[in-house]
Amino acid sequence: MTPDMPDKIWVASPPPQEDWGDDPDTQWAVKGIVSDDIDAFGAKRYEIKWADWHREDGTSTTWGKHQPDMEKMIEEWNKNRENNWLEMAKESLEIPVALEPSQQWHDALNAERGHGYAEKDTEAQRVGLRKYAGWANIRCPGDDGDGDSDEPAVGSRARLRARPASVSALSNHAAQSTSNRPVPASPVSRSVASPLPSVGLSPDRNKSNTLASTGSTPLSSRQRSSTAKVSSASPAVNDIALEPMKRPMKPLPRRIISPLPPIVDRRAKLQEKWSNVARGFGAAPVRIVNDVNDEDIPPGLESFTYREYCYVHSPEVLVSDMTDCVVSCDCENGCTNAWVCGCQDPSEITNEFDEREFAYDDKGLFKFNVPPGVEVIECNKKCSCYTTRKCPNRVAQTPREVPIEIFRTRDCGWGVRCPVDLVRGKVLGVYTGELITRRQAHQRSDDHKSYIFDLDVHEDGSEDAKGLHFYSVDSYIYGNWTRFLNHSCEPNARVYPVIWDTIPEVNQPYLAIVTTRAVPAGTELTIDYDPKAATSYTKGKGKGKDQIPPGARFCACGAADCRGWVRV
Ligand SMILES: C[S@@+](CC[C@H](N)C(=O)[O-])C[C@H]1O[C@@H](n2cnc3c(N)ncnc32)[C@H](O)[C@@H]1O
């Protein structure tokens, strides 16, 4: 701390003294730029490689900010970098911006740059991915995590499958589970997780660490001095030395800024981490809220990785590229008529006149017109609308538009709610996790079984559902907010199967979550884990503890019409 800056907890040391010889008029040639960075003050700086200058240890780069002599070189460097990131963004928009919660703020900016976030963002907008617009209102790390919601309001046709199958909610495997999860321990009894390692710069960044220019740009020490005056106004680490060098050179420590205090709040860290993954896909943030007890985060997340979209394929699941089998559409003015939309050929969704129709209305709301045993077929990557993605038949595949709160309920562990009002038919996202075979699902431990969903849309009970050609999704290790959806006997949401970029016969649909009625902001979102059983249960049947069948548990949904117990 210096006397003139009493309120600052750290200050940058002056730039290191470098030896540039005695003649201030010597012209030093710049070989090129080798990397860039954001300094501790948020300013961009460049690592410059010198053609004919080096230190005694052979190193020959220095850090400096923008300077008139290097205008062209910097421009070229920045252009190359942008092209690189854009290429990466085109390769995959789904790579999350992986900011580690323990990262310092200026490091975070670097990581964002490293992951080409801005370019992914641009590319996502170019291809028309809907994108959450309220990020500007989201608080930064260090958020008190008190759960106060100050989010803005965001506001040849196949008829082969006549089977009455439905998507049963949580797997029957859970029936064998001892899934009465204990009330999680308070943070006092839990060991505080050790800080996550800081990511630093993305390895991808090195991909473009090539010289911006291999030509040599002469720069005199006088010119360097003028640059130095600019940078002295905002002292940055290792900036190009301003003064002519004095011999002998003194070795100076490279790390001369003490670290910022760590962000301590585990809940704030976790919601920041998950929200950044969501943000990387263009989806709205995820908040973690507890107004009930002092549990800081949901238990059992030690090896959990948040995935807003897409399955993680287990090695036992064959990943086959269905591109050649998928039928596509070439609608010229948008996909407005399911009869002429070619990718809808295999769809079995029809209206009362037996005319094929879309599953969504023109506002993107689910029409609840999908019969049991049938999945929604959305437009795919071969369809003509792929380049714009402005298509009313791309709903479940587009990023979540509404923020989500994972909150501590009184009786059912952690649950899910939305801080904005939701209308009926609003599609909120898809159940993600590890895509496993049904055989694997049967073998998974009880911890996992409460989080396994069977993809049983085409199963009618007569087929061997224990084999390798039927699948389940396990969200215990990988998953998103949907893994926290609790059961209710009077739910306000449900799942429906939906595919794109694959065919129904592969049996690997996504399960999309949709509201079944208007849901006021702050109301818990629930689904029925056992919809097939809904009709066979007798109201209140399991209310007495001794009446709960093996493998089921007392249902704490609190609904007036509660069935009493639920298989989880
Ligand atoms: C998919 S998880 C839902 C998220 C869970 N509440 C958590 O905190 O991780 C399913 C588990 O939630 C609990 N649960 C969900 N709905 C319930 C209900 N209606 N009654 C009692 N427990 C419920 C059970 O412990 C069940 O095994």
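## A loop residue to start with

Phenylalanine 368 sits in the loop between β7 (312-313) and β8; strands here are DSSP runs of E with at least two residues, helices are DSSP runs of H or I with at least four, and both are numbered from the N terminus. Its phi is near 55 degrees, a positive value in a residue other than glycine. Phenylalanine 368 has 12 other C-beta atoms within 10 Å, so it is exposed. The cut-offs go like this: a residue is buried with 20 or more other C-beta atoms within 10 Å of its own, exposed with 12 or fewer, and partly exposed in between, the C-beta atoms being placed from the backbone.

Asparagine 507 is in the loop between β17 (493-499) and β18. Its phi is positive too, near 65 degrees, and asparagine 507 is a residue other than glycine. With 19 other C-beta atoms within 10 Å, asparagine 507 counts as partly exposed.

## What you're looking at

This is a predicted model, where local features need pLDDT of at least 70 and side-chain atom pairs count only at pLDDT 80 or more, while totals for chains, interfaces and linings use all residues. Residues are numbered from 1 along each chain as its sequence is written.

The protein chain has eight helices and 21 strands. Of its 568 residues, 41% are buried.

## The buried strand β9

Five of its five residues are buried, so β9 is largely enclosed by the rest of the structure. Ile404, Ile406 and Arg408 point one way from the strand, and Glu405 and Phe407 point the other way.

β9 pairs in the parallel sense with strand β5 (residues 286-289) over four bridges; strands pair if DSSP finds at least two bridges between them. Isoleucine 288 stands opposite isoleucine 406 in β9. Four bridges also join β9 to strand β10 (residues 414-417), and these two run antiparallel. Glutamate 405 has arginine 417 in β10 as its bridge partner. β9 and β10 make a hairpin with five residues between them, and glycine 413 in the turn has a positive phi of about 65 degrees.

## Around the ligand

Glycine 413 turns up again here. The ligand is surrounded by 19 residues, and the closest are Gly413, Trp414, Ser450, Asn486 and His487; a residue is near a molecule if its C-beta atom, placed from the backbone, lies within 6 Å of it. The elements that give two or more residues to this shell are β10 and β16 (486-487).

By class, the shell has 10 nonpolar, six polar and three charged residues. Here Ala, Val, Leu, Ile, Met, Phe, Trp, Tyr, Cys and Pro count as nonpolar, Asp, Glu, Lys and Arg as charged, and the others, Gly among them, as polar.

## The nonpolar cores

The largest nonpolar core holds 83 residues, and Cys379, Ile406, Ala512 and Val514 touch the most other members. Such a core is a set of buried Ala, Val, Leu, Ile, Met, Phe, Trp, Tyr and Cys residues joined through C-beta atoms within 7 Å.

Not counting residues up to four places away in sequence, isoleucine 406 touches Val286, Ile288, Pro298, Trp414, Val416, Trp481 and Phe484; contact means C-beta atoms, placed from the backbone, within 7 Å.

## An open sheet of four

Four strands form an open sheet with mixed pairing, in the order β8-β17-β18-β11. β8 (376-377) and β11 (427-430) stand at the edges with a single partner strand each, so one side of each is left without a neighbour in the sheet. β11 runs antiparallel to strand β18 (residues 510-515), joined by three bridges. The bridge partner of valine 427 is valine 514 in β18.

## Two more stops

Helix α6 (residues 266-280) has 15 residues and reaches 21 Å from its first C-alpha to its last, close to the 21 Å expected at 1.5 Å a residue; that expected span is 1.5 Å times one less than the number of residues. Of its 15 residues, 14 are buried, and α6 is mostly covered.

Tyrosine 478 is in strand β15 (residues 478-479). Tyrosine 478 counts as buried because it has 20 C-beta neighbours inside 10 Å. The C-alpha atoms of tyrosine 478 and valine 312 are separated by 7.4 Å, although the two are 166 residues apart along the chain.

Note on methods:
Two residues are in contact if their C-beta atoms, placed from the backbone, lie within 7 Å.
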